[in-house]
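Open the model in your viewer and keep the selection tool ready.

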Amino acid sequence: MVDSHKMELPPGVLGLFVTEFKPNVGNSIVWKYMNPSNDNDPDLYGIEYTSMPSGMHLMESDEIYFTTRDYNHGIAIYRKISSTEEQERGVKMFSVGLITSDTYVPYNYLPELEELSLYLMTNPPSDDLPVMFFAPIQSSDYSKIIQQSPSPKALAFLLDLLGPLLLLLFRFLLARKRVVVFFRPTEGRGVGWISTALDTLAKILNEVDDGVSNQTRTNIIGNIGLIDLDRLKDIEGGFVASTTDALLLEKPQVYDAIIDLSPKVKYPSLYISQKQGNEMLVKRQTYTLGDLYIWRQLRSRIDSQTLVSSPPYGLIDLIADIWSSLFGIKNSIHIPSPASSDYHEENEDEDEDDDEEVRLFGKALNPTPAITSFMKSYSNAILASLLTLTLKPDHDYNSNGNVRDDDHTHHNEGEEGEEDSPLELTASDLLSLGLSPLSDVDSIIAKSISKTELGRNVHISISCAWSVASFVRRQCLSIGWI
């Protein structure tokens with residue numbers, strides 16, 4: 001047998017580990033192996049908690065994606081099995097995982113991790129694990145390794161769960177804000193699927209090319225817990241992470257927005273953190289009528305292809321349609337009609353002898369590619385509209401006839417003041433971006449996107465009527481009417 005102590009792991013794989021939970025001991029690392037070809041070993045601080053987060057006792061198995069303190073990637077397979085050992089009180093809980101460098105995708109090694117987790121269900125960890133795990137990979141062709149995912153329908157699940165709130169979440173990430181999603185894992189929908197969905201959103205945003213900014217818009221952190229508090233404070237720029245630790249709800253200093261998906265709330269709820277004096281407070285926010293209209297249109301087009309009934313059409317949907325017609329949301333945000341090929345993998349094998357209706361149903365099972373296509377179009381529309389507004393002369397009149405520059409001060413094209421002066425946005429401008437003048441959050445998002453993407457400050461000026469309507473909406477939010 002190959003000497004595991006001298007065995008070099010595949011390129012990009014930094015180490016392998018096994019963690020366990022025992023009632024009288026808690027979480028601990030019971031075995032680890034570091035790649036001898038690396039100059040520096042990965043930082044495993046807190047990995048015994050990261051690989052088995054709070055609430056995992058409710059699950060039989062799950063995949064946990066995370067990042068380490070030194071920003072390497074990791075993935076772990078969690079298992080819960082019955083045990084006859086007295087110290088384990090009838091249940092054995094463990095995770096087996098690996099760490100990869102930041103340029104490698106740990107999902108590539110899910111099949112091997114799954115097999116290793118099955119082996120550990122009946123055998124203790126030993127120094128034979130590296131040989132068992134990596135030998136098949138070493139003998140394979142790296143170029144033929146196909147990226148695996150714990151749930152190819154993860155983004156579709158998130159669309160169903162969040163509803164129109166998904167669009168607000170997406171705008172927060174586009175604005176490079178720090179966002180955390182809190183949830184309780186349940187059988188069939190654990191940590192793995194939500195990490196995959198958030199990772200997909202992050203990749204969409206980071207791949208969008210607006211021709212102006214080439215910086216990473218958001219960082220995918222994976223699953224986090226209290227052990228990560230100090231690390232989150234030091235992260236520069238935006239990030240998105242998931243957590244099963246309810247105590248993070250009480251730490252608004254480490255996030256700009258948090259979405260609560262716990263069973264205690266009737267509907268998914270989004271809260272933003274705001275500083276008042278020396279305190280950080282959280283305030284509930286919700287989606288806009290424009291978000292509801294766009295989500296209904298997207299949902300309808302997906303459901304028509306996936307053979308699923310759309311949610312019932314109610315009074316609030318009628319109001320959203322009227323709002324969108326009055327204020328041009330239908331024209332400002334284009335919802336592409338995905339081709340049938342967007343609902344299944346391009347390399348999916350097809351049996352020509354299958355019934356046509358059965359084959360069409362099979363293709364329509366996964367709407368995630370169609371949602372991805374829409375999200376790219378959605379972000380491009382917002383960025384393109386904002387760039388158009390920025391390039392207009394400061395004294396150009398918008399569709400409402402309002403002058404953008406209130407002080408009527410003229411600048412020559414070559415003057416420095418032209419670049420430093422804030423971009424004046426009116427209610428009509430916000431609506432052209434697919435945002436709402438009634439939403440405090442959309443005002444924050446517009447300012448952040450303009451600053452991070454274009455390097456331009458924004459001043460939002462809306463009429464008294466819009467201000468009063470915004471105040472009424474704010475009060476309705478505070479008392480839970482909307």
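**Cysteines**

The count of disulfides (pairs of cysteine sulfur atoms within 2.5 Å) is 0. This is a predicted model, in which local features need pLDDT of at least 70 and side-chain atom pairs count only at pLDDT 80 or more, while totals for chains, interfaces and linings use all residues. Residues are numbered from 1 along each chain as its sequence is written, and side-chain values use heavy atoms, with hydrogens and water left out.

Select C464: its relative accessible area is 65%, which makes it exposed (over 50%, with a 1.4 Å probe and protein chains only). Then select C476, which is buried (under 20%) at 17%.

**Largest cavity**

There are 2 cavities of 30 Å³ or more; a cavity is a set of points, on a 1 Å grid over the protein atoms alone, where a 1.4 Å probe fits but cannot get out, and lining residues have an atom within 4 Å of a point. The largest holds about 110 Å³. Select Y45, T50, T68, R69 and D228, which lie nearest its centre among 13 lining residues. Two or more lining residues come from each of α1 (47–50) and β3 (61–67). Domain 1 (13–136) and domain 2 (152–290) each give at least three residues to this lining.

**Second largest cavity**

Now select Q285, L438, S439, D440, S470, R473, R474 and L477, the lining of the second largest cavity. The space inside is about 30 Å³. Helix α16 (residues 464–478) supplies the largest share of this lining, 4 residues.

Key. On a 1 Å grid over the protein atoms alone, a cavity is a set of points where a 1.4 Å probe fits but cannot get out, and a pocket is an open set with protein on both sides within 12 Å along at least five of seven lines; lining residues have an atom within 4 Å of a point. Grid points are joined across faces, edges and corners, and a volume is the space filled by probe spheres set on the points. Domain bounds come from an automatic or database domain assignment.
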